[in-house]
Amino acid sequence: MAGAKELFDRIRSRRTQLGLAIRVTVAAVAAYAIATALHLLLPLWAVLTSLIVTQMSVGRSLKATRDYMLGTIGGAIYGGTIAITLPYSSEAGLLGLLVLAVAPLAFVAAIYPNLSTATVTAVIVLLVPTMHHADPMASAIDRVCEVGVGAITGLLVSFLVLPSRAVRQIRASAAKLLELIADAFNELLAGLTRGRDNDALHRIQDGIGTAMVGMNAIGTEAERERSARLSSGPDTGPLLRTILRLRHDVVMIGRATVVPLPVEVQVRLAAPLAEVSAAIVRFLKSAAEAIREGAGAPPIHPVHVALQHYSEAVAAVRQDGLIRGQPAETAERFFALGFSLEQMHQNLCDLDRVVGEWSEAAADGPVKVAK
């Protein structure tokens, strides 16, 4: 029973990926069945197109369908026009037309990667008639029909079969990022008094960078869904910008904590820094859970109190002259740390407001993040 429960939990944690696998399978089978029923020349292209346009989220499927259809139609028109207006009677003539078809479209695709399908379509429109002795115009029409069937099938499956909204995914992605930022912040402040594990910190920082790239991509898909009125929810911009600023705060704190503080300063600031670390880490992880589960925003008052205590301790250190006589680099790091924590305080207040907005708009229900 324990093993079965663990297996079920693992599968449940990957339900987004499992849903994609099911959608892709349904789309491929449906596209082949429809293409065969319509007696299309090459059902293979319908199946391949359905695989391409069936993406992780509805927003990504919309973009893939739009780009693939634009490229296909453009390539079919261009390739068909060349084949009709410039007839050939030899292999050399066909090679010349192939160069004329590929070179301009490859140049366009290098500038606009979303139109890369145009080159492939033009080549198919040119070469398929030589294999099946078909008319170039018919080849172009067949190609557009095959891709159209696959694109429409894949898009409908994305809408109807276990649909995955980017708004739901961005909740999980944002929560994961906040937890990584909390871990990095904790490691950085701890390093001021005991030194830090640079290998562990680098792993966390690398994870933050990778997660930021993924969250920005999902944010674009979420906005695409919102603009098409396919999903509801708050504007993703404030959430993305706030997390990005918190990421910058961690970077600045990292630069200010390259080496531990002088021993006499460590003794005076150890307790206030421990309180700040505990309060901010607790708030970040609670905010992550609130975004993921759609719960209410966590209280931010302990963060205000902890930072106030730290400011008072810093003022006492300066009043007692513990910074005077220290190397300029040490003094610079000391003041940079205070500035960075104050900046982070403002961004945490913004996060508190944004989490409240997302908690109120938790219409999509709780989201589980893959571990």
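Trainee: What should the 21 residues of helix α10 span at 1.5 Å a residue, and how far apart are its end C-alpha atoms?

Mentor: Quick housekeeping: this is a predicted model, where local features need pLDDT of at least 70, side-chain atom pairs count only at pLDDT 80 or more, and totals for chains, interfaces and linings use all residues. Residues are numbered from 1 along each chain as its sequence is written, and side-chain values use heavy atoms, with hydrogens and water left out.

Now α10, residues 236-256: it should span 30 Å, and its end C-alpha atoms sit 31 Å apart, which agrees. The expected span is 1.5 Å times one less than the number of residues, and helices here are DSSP runs (H or I, at least four residues), numbered from the N terminus. At the start of α10, Asp235 puts a side-chain oxygen within 3.0 Å of the backbone nitrogen of Gly237.

Further along, Arg245 makes a salt bridge with Asp350, with the closest N and O atoms 3.3 Å apart. Because Arg245 is in α10 and Asp350 is in α13 (residues 328-360), this pair ties together parts 105 residues apart in sequence. A salt bridge here means a Lys or Arg side-chain nitrogen within 4 Å of an Asp or Glu carboxyl oxygen; by that rule the count is 9.

Conventions:
Helix = DSSP H or I, 4+ residues; strand = E, 2+ residues; numbered from the N terminus. Polar contact = N/O pair within 3.5 Å; in protein donor to acceptor, adjacent residues only side chain to side chain.
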